[in-house]
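Colleague: I have a moment to go through this one with you. Could you take me through it while I look at it on screen?

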Amino acid sequence: MLNQRTIAKKVSITGIGIHSGRKVTMTLHPAEADFGIQFRRTDIKGAEILKATAETVGTTENNTSLGQGLNSVHTVEHLLSVLYGLGINNVFVEIDGPEVPIMDGSGASFVFVMKETGIQTLNKSKKFLVVLKPVEVQVGDKWAKIEPAERLIIDSTIVFTHPLIKKQRKQFEFSCENYIREIGRARTFGLLRDVDMLKRKGLVKGGSLDNAIVLDDFKVMNPEGLRFVDEFVRHKILDTVGDISLLGHEIAGKVTTFKSGHNLHNLLCRQLLATPDAYEIVSATSLRKEALEAFELPRALAPLFT
Ligand SMILES: [Zn+2]
């Protein structure tokens, strides 16, 4: 038996949005089993709830947003990634602005917050989306595929002309412990030469060396350097976990991506959900022990696990 999780108590986080540059406060509340992850804008009177599902996704340019127009929440992917990474299924998120705070550009701050808050086991089994047949989406030379596997595996390849990135590939076998150790700390990144273009599009207004790896034409501009030599592809995996968590359940399947981004990740989710014979939703009780063991929390988190 592997049960659903929520957070043990409510917690507030304040920070700025990387794209909007706006200061926001976000409060995470515990939620009951089968609630899922839901967002509500508290700065918009009577704002409709935004459920974190693949179908709720609005824009996917340089971030993943939920909702359309005014009632939307941008850059949800890092928070969703950490919730999936820690096996947390149910949280109600209230936010007083248009974008989740970027913190240090990785999931590390959210992991830290969950450690402080504690994780609560609920009295209902987790559900798994088990992939039964391969599904693939392609846009130009970029593609993403999901196929059957006993647990979540992500095999990601990124290709950039920048000499420090070039081609990076990493295969990540999901477990909460691997997530915290290998993926959660990897920061988002950007090229200095793209900053003006992105700002003209209204993006990265809050971006800085405090919340992103910034590369000039030759080197990392952040004085502290990189956290991993392949931090870039690790962050791509962090984003992928967040984006495919919008399938709404734990995932038993292998995701392979080539030059992917938020748009492709969302297309893959939608394509899978539109192919009913390609997946089934089952209770955790029908999965093999190894798939369930991946959700054991590492010792560092276990004392707070109630
Ligand atoms: Zn990201």
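Colleague: How many salt bridges does the count come to?

Modeller: Bear in mind that this is a predicted model. With that said, the count comes to 22 salt bridges. One of them joins the side chains of D155 and R169, with N to O at 2.5 Å. D155 belongs to strand β13 (residues 153–159) and R169 to strand β14 (residues 167–173), so this pair ties together parts that are 14 residues apart in sequence.

Colleague: And D155 itself, is that buried or exposed?

Modeller: D155 counts as buried, because its relative accessibility is 2%.

Colleague: What does E177 form a salt bridge with?

Modeller: E177 forms a salt bridge with R181, and the closest N and O atoms are 2.4 Å apart. The two are four residues apart in helix α3, so about one helical turn separates them. E177 counts as partly exposed at 33% relative accessibility, while R181 is exposed, with a relative accessible area of 51%.

Colleague: Which residue does the side chain of E224 meet in a salt bridge?

Modeller: That is R187, at 2.8 Å from N to O. Both partners are in loops: E224 is in the one between β16 and α5, and R187 is in the one between α3 and β15 (189–191), so the pair ties together parts that are 37 residues apart in sequence. R187 is buried, with a relative accessible area of 2%.

Colleague: Which residues are linked in a network of salt bridges?

Modeller: D34, K124 and K127 are linked in such a network.

Colleague: Changing topic, what does the domain assignment give for the protein chain?

Modeller: The assignment gives domain 1 (3–125) and domain 2 (128–293). The contact between them takes 37 residues from domain 1 and 42 residues from domain 2. As for their separation, the C-alpha centres of domain 1 and domain 2 lie 18 Å apart.

Colleague: What is the area buried between domain 1 and domain 2?

Modeller: The buried area is about 3000 Å², and carbon and sulfur atoms give 58% of that. On the polar side, 29 residue pairs are found in polar contact across the interface, both residues being at pLDDT 80 or more. The elements that give two or more residues to the side of domain 1 touching domain 2 are α1 (77–85) and α2 (108–117). The largest share of that side, seven residues, comes from α1. By type, the residues on that side of domain 1 divide into 14 nonpolar, 18 polar and five charged.

Colleague: How many salt bridges are there between domain 1 and domain 2?

Modeller: The count between domain 1 and domain 2 is two. As for another salt bridge in the model, the side chains of K201 and E61 meet at 2.9 Å, N to O.

Colleague: Back to α2, which of its residues are buried?

Modeller: The buried residues of α2 are S109, F110, V111, V113, M114 and T117. They pack against β1 (3–7), β2 (11–16), β3 (23–30), α1, β9 (119–125) and α3 (176–183). α2 is followed by G118, which has a positive phi, near 90°.

Colleague: Where is H74 found?

Modeller: H74 is in the loop between β7 (71–73) and α1. It counts as partly exposed, because its relative accessibility is 24%. Not counting residues up to four places away in sequence, H74 touches T59, N63, T64, S65, P98, E99 and V100. The side chains of H74 and S72 are joined by a polar contact of 3.5 Å.

Colleague: One more, D216: buried or exposed?

Modeller: D216 counts as buried, because its relative accessibility is 15%, and it lies in the loop between β16 (213–215) and α5 (231–244). A polar atom of the D216 side chain lies 2.8 Å from the backbone nitrogen of F218, and the side chain of D216 also reaches the backbone nitrogen of K219, at 2.7 Å. Leaving aside neighbours within four places in sequence, D216 is in contact with H162, L192 and M221.

Notes: Residues are numbered from 1 along each chain as its sequence is written. This is a predicted model: local features need pLDDT of at least 70, side-chain atom pairs count only at pLDDT 80 or more; totals for chains, interfaces and linings use all residues. Side-chain values use heavy atoms; hydrogens and water are left out. Domain bounds come from an automatic or database domain assignment. Contact means heavy atoms within 4.5 Å. Buried area is the accessible area (1.4 Å probe) that two parts lose on being put together, summed over both. A salt bridge is a side-chain nitrogen of Lys or Arg within 4 Å of a carboxyl oxygen of Asp or Glu. A polar contact is a pair of N or O atoms within 3.5 Å; within protein, one must be able to donate a hydrogen and the other to accept it, and residues adjacent in sequence count only if both atoms are side-chain atoms. Ala, Val, Leu, Ile, Met, Phe, Trp, Tyr, Cys and Pro count as nonpolar, Asp, Glu, Lys and Arg as charged, and the others, Gly among them, as polar. Buried means under 20% relative accessible area, exposed over 50%, partly exposed in between (1.4 Å probe, protein chains only).
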